[in-house]
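I opened this entry to look up the salt bridges. My notes follow the structure.

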Amino acid sequence: MKQTILILFSNLYPIRNKVCLCLLLSMLCSCSYSASGSIGQEYAMAERSIFAMDTYMNIRAYGEQAEETLSLSCDKIEELEERFSVTKEGSDIWRINQAAGDQTEVSEDTISVLNTAIQIGRETQGALDITLYPVLKEWGFTTKEYQIPKEHRLQELLNYVDYRQIVLQGTTVSIPKEAAIDLGALAKGYASDQIVEIFKENGVESALINLGGNVYTVGTKPDGSLWKIGVRNPFESSGEMCILSAADCAVITSGVYERYFIGEDGKQYWHILNPADGRPAENGLVSVTIIGEEGVRCDALSTALFVAGLEEAAAYWREHQDFEMILVTEQKKIFITEGIEGSVKNVSEMTMEIINKS
């Protein structure tokens with residue numbers, strides 16, 4: 001789960017991801033803006049909140065088709081949850097994991113996400129590996145029955161961790177009998193992409209998608225100004241460390257504070273695991289935010305580059321340069337890529353450095 005980003009609106013309180021929201025609550029209201037933000041032109045605004053994919057989600061859209069489009073969006077989220085859930089009996093992922101190595105027919109959505117997972121796994125030398133699910137489960141991050149696994153048990157489970165053993169043939173999938181996959185690092189990002197497509201098809205040009213902290217800004221705000229995205233300070237229980245001005249992009253964060261437990265040894269153990277050893281990734285990073293046009297890719301990279309570490313993340317960005325990022329180290333330093341230098345305002349006491357292209 002990536003529940004890390006606060007969305008800031010003029011004259012409105014920040015949205016909190018853990019707010020208790022009614023399932024499928026629908027609200028329609030009218031807001032008045034002009035191009036400069038003063039009272040004037042009116043814009044219809046519809047908002048929908050839903051609990052899905054184990055998180056609270058909120059979608060806000062503007063325009064005549066906003067209400068109808070939100071209904072279609074929520075239907076799509078529920079459809080994807082039915083396909084991607086690792087625990088829901090009959091889902092694509094559940095059937096793959098239960099197939100004992102046999103080929104399983106799945107939806108095109110599932111094939112698309114699996115292709116992205118394999119691609120990012122390949123590009124990051126396995127820093128993202130969706131076959132890590134049995135190890136994640138052993139730690140108790142899927143059941144909340146937390147424990148520090150025995151070393152011999154970790155080694156046993158790691159024998160079955162290898163994304164390269166996922167075989168895709170058309171719309172069928174197979175994995176080794178002992179393996180299991182989980183799309184938790186990509187599902188919400190993919191869902192945001194699908195919602196954006198629904199918006200485009202229905203003429204919605206201004207919207208804000210917040211899928212449990214996985215944020216996608218559609219166009220600008222109705223008054224033409226940029227959305228203000230507050231990225232959480234990983235060293236505080238609440239509050240942001242910087243404000244990003246953005247439009248038409250995904251903003252997705254992974255951090256050590258999202259899901260963790262304190263072991264009997266007094267040490268903090270978080271859910272972002274290193275596929276190389278099956279333990280929480282410890283490389284000096286505490287937070288990774290990825291900004292880009294494709295939500296599913298940003299979602300996957302926020303996990304993969306957290307595992308990879310600062311130097312490898314910077315090298316990957318320099319090689320691809322189709323996204324931007326904000327990295328925070330345990331030494332309380334913020335690093336941002338040069339493409340967003342003019343779009344990020346540091347509101348913390350941490351120092352900020354620029355990662356250049358060369």
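**Salt bridges, notebook**

I looked up glutamate 82 and found a salt bridge with lysine 88, the closest N and O atoms being 3.2 Å apart. The rule I used takes a side-chain nitrogen of Lys or Arg within 4 Å of a carboxyl oxygen of Asp or Glu. The model is predicted: local features need pLDDT of at least 70, side-chain atom pairs count only at pLDDT 80 or more, and totals for chains, interfaces and linings use all residues. Residues are numbered from 1 along each chain as its sequence is written, and side-chain values use heavy atoms, with hydrogens and water left out.

I then checked accessibility (buried is under 20% relative accessible area, exposed over 50%, partly exposed in between; 1.4 Å probe, protein chains only). Glutamate 82 is partly exposed at 44%, and lysine 88 is partly exposed at 31%.

Next I took arginine 297, which pairs with glutamate 123 at 3.5 Å between the closest N and O atoms. Helices (H or I, at least four residues) and strands (E, at least two) are DSSP runs, numbered from the N terminus. Arginine 297 is buried at 11%, whereas glutamate 123 is partly exposed at 23%.

I also looked up arginine 279 and glutamate 151, whose closest N and O atoms are 2.7 Å apart in a salt bridge. Arginine 279 belongs to strand 16 (residues 279–280) and glutamate 151 to helix 5 (residues 151–158), 128 residues apart.

Last, I noted a network of salt bridges linking Lys76, Glu79, Arg83 and Asp109. My count by the rule is 17 salt bridges.
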